[in-house]
Amino acid sequence: GGWLLLQNCHLGLEFLNELMDTITTKESMSEDFRTWITTEAHPEFPINLLQSSIKFTNEPPQGVKAGLKRTYSAITQDLLGVSKMPQWKPLLYAVAFLHTTVQERRKFGPLGWNIPYEFNQADFAASVQFVQNHLNAVGSRHGVDWSCVRYMLGEVQYGGRVTDDLDKALLNTYARVWFGEHMFSEKFCFYKGYVIPKGNTVEDYLQYIEELPVIDTPEVFGLHPNADITYQTNLANETFSTIVSIQPKDSSTRGGETREAVVLHLADEMLEKLPPDYNPHEVKARLQKMGAFQPINIFLRQEVDRMQLVISRVRTTLTDLKLAIDGTIIMSEELQDALDNIYDARIPKLWFRISWESTTLGFWFTELLERNQQFNSWLQDGRPNQFWMTGFFNPQGFLTAMRQETTRMNLAKGWELDSVVLCSEVTKMMKEDVVGPPPADIGGVYIHGLFLEGAGWDRRNSKLVESAPKVLFTSLPVVHVYA
């Protein structure tokens, strides 16, 4: 009749099958018996155990108001009155605000933290304990040692989890800006409208928290307002993706057509537009004509090989999928995935593994044709005046080849590859304005297809500016990259 608690079961998945057998084969069991299992999400968690369980998830609350409310609901009146020093209650609230902020920034993905850290209640409890001990140690005569408090919060309590240098700098900035003698002044606020309330009871604080906005602007956490566009877009995409993935996968009809008929029609369309395979002998001959051992041409050869791999994989998948729909061959797991994804306008896993990211299958296929067009023109007409750099599989390799090329041009001047660095200059030309290669004395390449995220570009004065509200991406003019 007792309760059994098994913790961190993602570390012992083999035992869970044994547990399931024990529970299901037991002939008599007390009505009062319960098994609690704690685990992180894991793809190999036994599905039958998961389905027969009642699930309980503990997610961090969304927003400053919900986060502070949860934190202060767990704070007792005894804890609030544990220290007689006037700094105690404001410091407790500031640590709670910091705790909510570090958790809330996670939802913004790489804009919030470069690495998503699992900040939890234990970090808050340890920080509060430290602040309490510190105040008891220094006493009212000496006052708070702020460098110590900032170091402990930014480098130890929360900073102990942080491994990225820029994330560490961010945490230390919060500690520096929010923790100091200035936090007790009337003018202090975390952000406009978010201040440290005054109160003697937990209810006073909860009452103030209740008046905070339900939805916070990203600026509360030190982010640009446009960060919210990224978050909302990702959230919407994730929601739609989940809805699509749990749709029935049987041969349901859409306007009288079955899923298979729709996919068959799309497969025919794509096969019709798919570029022909590259002829290896022809590629080799053209490269030799241009100079097969020039670094930039070696790079082209590698890109063409990868493009050929994608074209072959797409052709094979679509051809096999048509045969499987007709019943000529068996529908494998990979072909079933291709059928489901093509029907939902998403990229099949088989293709995605060897290609590039894209929002929909339509954009991905258009990009395939455009990338292939760039390589074809390069082979047929010789080196282009400008390059669509984001259309390469390995843009870094392209820049390295350009550095090697420039180094060889300047060997007489004693240039060495290790000492040659990349420089870039944003020109005033758009891609339509480019009529020739960069000046021979400087060398380098013209590239286009780059975007700025969260910033704008002033073409007249050639400088970065704040992006317009609600504008996430700004297209850059042609960039001259040289070494």
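**View 1. Ala 345 in the loop between helix 14 and helix 15.** Ala 345 is found in the loop that runs between helix 14 (333–343) and helix 15 (349–352); helices here are DSSP runs of H or I with at least four residues, and strands are E runs of at least two, numbered from the N terminus. Although Ala 345 is not a glycine, its phi is positive, at about 60°. With a relative accessible area of 37%, Ala 345 is partly exposed (buried means under 20%, exposed over 50%, and partly exposed in between, with a 1.4 Å probe and protein chains only). A word on what you are looking at: this is a predicted model, in which local features need pLDDT of at least 70 and side-chain atom pairs count only at pLDDT 80 or more, while totals for chains, interfaces and linings use all residues. Residues are numbered from 1 along each chain as its sequence is written, and side-chain values use heavy atoms, with hydrogens and water left out.

**View 2. Asn 8 in the loop between strand 1 and helix 1.** Here we turn to Asn 8, placed in the loop between strand 1 (3–6) and helix 1 (13–25). Asn 8 is not a glycine, yet its phi is positive at about 55°. Its relative accessible area of 42% makes Asn 8 partly exposed.

**View 3. Val 138 in helix 6.** Val 138 sits in helix 6, which covers residues 121–142. Its relative accessibility is 17%, so Val 138 counts as buried. Setting aside neighbours within four places in sequence, Val 138 is in contact with Gly 143 and Val 144, where contact means heavy atoms within 4.5 Å.

**View 4. The chain around these close-ups.** To place the residues in context, the chain holds 17 helices and twelve strands. Its radius of gyration is 30 Å, well over the 23 Å that the globule rule gives for 483 residues, so the chain is more spread out than a compact globule (the radius is taken over C-alpha atoms, and the rule is 2.2 Å times the number of residues to the power 0.38). The C-alpha trace spans about 85 × 75 × 45 Å along its principal axes. Of the 483 residues, 39% count as buried.

**View 5. The domains of the chain.** The chain is divided into domain 1 (3–52), domain 2 (64–226), domain 3 (257–383) and domain 4 (385–482), with bounds from an automatic or database domain assignment. Between the C-alpha centres of domain 1 and domain 3 lie 46 Å.
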